[in-house]
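Morning, everyone. Please have the sequence and the coordinates open while I talk. I'll go through charge pairs, then domains, then the chain interface.

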Amino acid sequence: MSANETANTTATVSATARRGAAAAARMLGLPALLIALWWWAAVSSGSFFLTDPGTIAATFTEVWVSERFLTDVLPSVGLLLTGYALAAVLGIGVGVPLGMSTRLRAAAEPVLEFLRAVPPPVLVPLLMLLVGLDASMRTAVIVSGCVWPVLLNTVEGVRAVDPVLADTCRVYGIRGRRRLGVLVLRSASPQIMAGLRQALSIAIILMVISEMFASSSGLGYAVVQFQRSFAIPEMWSGIVLLGLLGVVLSAVFARAERHALAWHRGLRAASRGD
Amino acid sequence: MLDVDGLRKTYSGRGREVEAVRDLTFRLGEGELACLVGPSGCGKTTLLKCVSGLMRPTAGSVALDGRPVTGPPPDMAVVFQEYGRSLFPWLTVRGNVELPLKEKRLPKPRRRELVDGALEAVGLGHAGSQHPWELSGGMQQRVAIARAIAYEPRVLLMDEPFAAVDAQTRADLEDLIRGLWQRFSMTVLFVTHDIDEAVYLGQRVIVLSASPTVVQDDVSVDLPDERDQLTTRSAPRFAELRAHVYREIQNAKNGGGGPSGTGATGTGGAEGSGADGGGGAGDAEGADGEGGADGPDRAPTATGGRR
Ligand SMILES: Nc1ncnc2c1ncn2[C@@H]1O[C@H](COP(=O)(O)OP(=O)(O)OP(=O)(O)O)[C@@H](O)[C@H]1O
Ligand SMILES: [Mg+2]
């Protein structure tokens, strides 16, 4: 009996280890393959515009581990986070009352639908005129693009509050701030998180675009500068840096989401029966 | 204390009108424990929602202490039929029970005392740190009950609160509710579809008819106040009352009035339901065909129970 159990445990441990190794292989396998392909393509084509990964890596440290980090990277990240945070606050702040009131929603719906349909990069030239060329204009571009997924998802989430839970709150006299915190925001949080996730990728895109169009510093500006001066490896290193930035931000987001929505995963797993 | 007068509720939606209850009038005295039985879909939940002020009646009125009920009154607690959905999945069991007490602004030590007491009473003292979705249906139902009793309400409304628990737990919870009711002199309105349970628990059993819903009968339960799962349920008077309520429900289903001819004499039901805690036997909904024949005592009723 106990020998059997020990054998079982060992088997489980080694199975877990094997699964872990397999997962790592799956995760790193494809990137490794792609890098190899890229390398081969760069070397065999000999094109001026296609830099091989080795050169890019070398250029990367040379270019970005320098004062450029302070002058270009940090301001860009700051811009991104400011715009994103403002959009989140605005989206949730407006989405909650809209979700709670049928009348407000009916009044706002057509406008929202239209504004949502406008592709945010189109706003760059307009906002350049309206707000000017400074950082506040770039923030405004990011906010104007990111706010929609947050807003619309918040509205949907708040609308879908379970009526039985709402009745429970009414019976026990839970209202005002506590109701907002314990009922409305929490039950809408899965949708709000989905909106914030969409907004994050939009924020990165808009940060780059707004800097390309209208800036004299920042990551987007740097990439365009390198391109114009035919500093191709430098340009590539900028693109890689943007990619890495996206990966890091989305990993941070996933962590926050896992923490905030632990109950939601548990609930879903429980209702699926595993 | 609680006056329901000429209550009528029609749901209107998508051009269709559904009359859930037609005309209900009854009165509960201060500190009374009444059970409400009636066939499925007859409007028990609707009635409870009107009484708790969650829903406006179409006509008629509900008054508590002489004041008309327009919204949920303070110190009223409700255990909803959809117990699972009435628990906050992002809060732990403790958090769920404690939440209304926070809103009541009770000091922390007092809250802890009430939460511990209530969870202990429903047999969930060990489950405080779990989330509702980690519990079985019966356990979730008990969390909802714990939340209601920790609130120390003056009026307690319960909508089929024991539907998902096993017979043994159910018997324990029945005694718990009676114990609490005696200790705190709450007014309790208890909806159930289990006739045995209604008779065992209540001082009164209010029988609703099938739709169009009116009060079919109001049976006063003249059993001694000290009740016991074994002796009370095997008392001849218990069987008589149970048979009486059963007959009324059959009448109600067959359109009211007239002898139902089911011939449940009352003596037959006594032994069967005593030992098994009454789980299932004498089920108002069971009478329309599903699981109606779950005891030897049900045989005489078969004529009325099959469609
Ligand atoms: N929101 C609603 N809209 C329309 N009709 C409804 C609504 N809620 C209930 N009804 C109808 O009202 C009637 C009474 O419903 P109710 O839920 O009060 O019955 P019940 O006695 O509690 O039934 P059960 O014992 O199955 O819980 C039913 O015919 C139902 O279809
Ligand atoms: Mg009901």
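Let's begin with a pair: with which residue does Arg197(A) form a salt bridge? The partner is Glu257(A), and the closest N and O atoms are 3.3 Å apart. By salt bridge I mean a side-chain nitrogen of Lys or Arg within 4 Å of a carboxyl oxygen of Asp or Glu. Arg197(A) sits in helix H8 of chain A and Glu257(A) in helix H10 (residues 232-260) of chain A, so this pair ties together parts that are 60 residues apart in sequence. Arg197(A) is partly exposed, at 35% relative accessibility. The scale is this: buried is under 20% relative accessible area, exposed is over 50%, partly exposed is in between, with a 1.4 Å probe and protein chains only.

A word on conventions. This is a predicted model, in which local features need pLDDT of at least 70 and side-chain atom pairs count only at pLDDT 80 or more, while totals for chains, interfaces and linings use all residues. Residues are numbered from 1 along each chain as its sequence is written, chains are lettered from A and ligands numbered from 1 in the order in which they are written, and side-chain values use heavy atoms, with hydrogens and water left out.

Back to charges. Side chains of opposite charge can pair when their charged atoms come close. Over all chains, the search finds 24 salt bridges.

One is Asp3(B) with Arg27(B), at 2.9 Å from N to O. Asp3(B) is in strand S1 (residues 2-13) of chain B and Arg27(B) in strand S2 (residues 16-28) of chain B, so the link joins parts 24 residues apart in sequence. Asp3(B) is partly exposed at 23%. Arg27(B) is also partly exposed, with a relative accessibility of 46%.

Next, Asp218(B) and Arg204(B), whose closest N and O atoms are 2.7 Å apart. Asp218(B) belongs to strand S10 (residues 215-220) of chain B and Arg204(B) to strand S9 (residues 204-208) of chain B, so parts 14 residues apart in sequence are tied together. How accessible are the two ends? Asp218(B) is partly exposed at 37%. Arg204(B) is buried at 10%.

Then there is a network of salt bridges. Glu174(B), Asp196(B), Arg233(B) and Arg242(B) are linked in it.

Now domains. The bounds come from an automatic or database domain assignment. Chain A splits into domain 1 (1-50) and domain 2 (53-272). Their centres, taken over C-alpha atoms, are 32 Å apart. Contact (heavy atoms within 4.5 Å) involves 6 residues of domain 1 of chain A and 6 residues of domain 2 of chain A. The two bury about 610 Å², with carbon and sulfur atoms giving 86%. Buried area is the accessible area (1.4 Å probe) that two parts lose on being put together, summed over both. The domain 1 side has 6 nonpolar residues, no polar and no charged ones. For classes, Ala, Val, Leu, Ile, Met, Phe, Trp, Tyr, Cys and Pro are nonpolar, Asp, Glu, Lys and Arg are charged, and the others, Gly among them, are polar. Between these domains of chain A there are 0 salt bridges.

Chain B has domain 1 (2-75 + 156-303) and domain 2 (87-152). Contact takes 15 residues from domain 1 of chain B and 11 residues from domain 2 of chain B. About 910 Å² is buried between them, 75% of it on carbon and sulfur atoms. On the domain 1 side, strand S7 (155-159) and helix H5 (167-184) of chain B each supply at least two residues. The largest share, 6 residues, comes from H5(B).

Last, the chains themselves. Which salt bridge joins Arg85(B) to chain A? Arg85(B) meets Asp162(A), at 2.9 Å from N to O. Helix H7 (163-171), helix H8 (176-213) and helix H11 (262-272) of chain A each supply at least two residues of the side touching chain B. H7(A) gives the largest share, 8 residues. By class, that side has 13 nonpolar, 4 polar and 6 charged residues. Chain A and chain B bury about 2200 Å² between them, 67% on carbon and sulfur atoms.

How values were computed. Helices (H or I, at least four residues) and strands (E, at least two) are DSSP runs, numbered from the N terminus.
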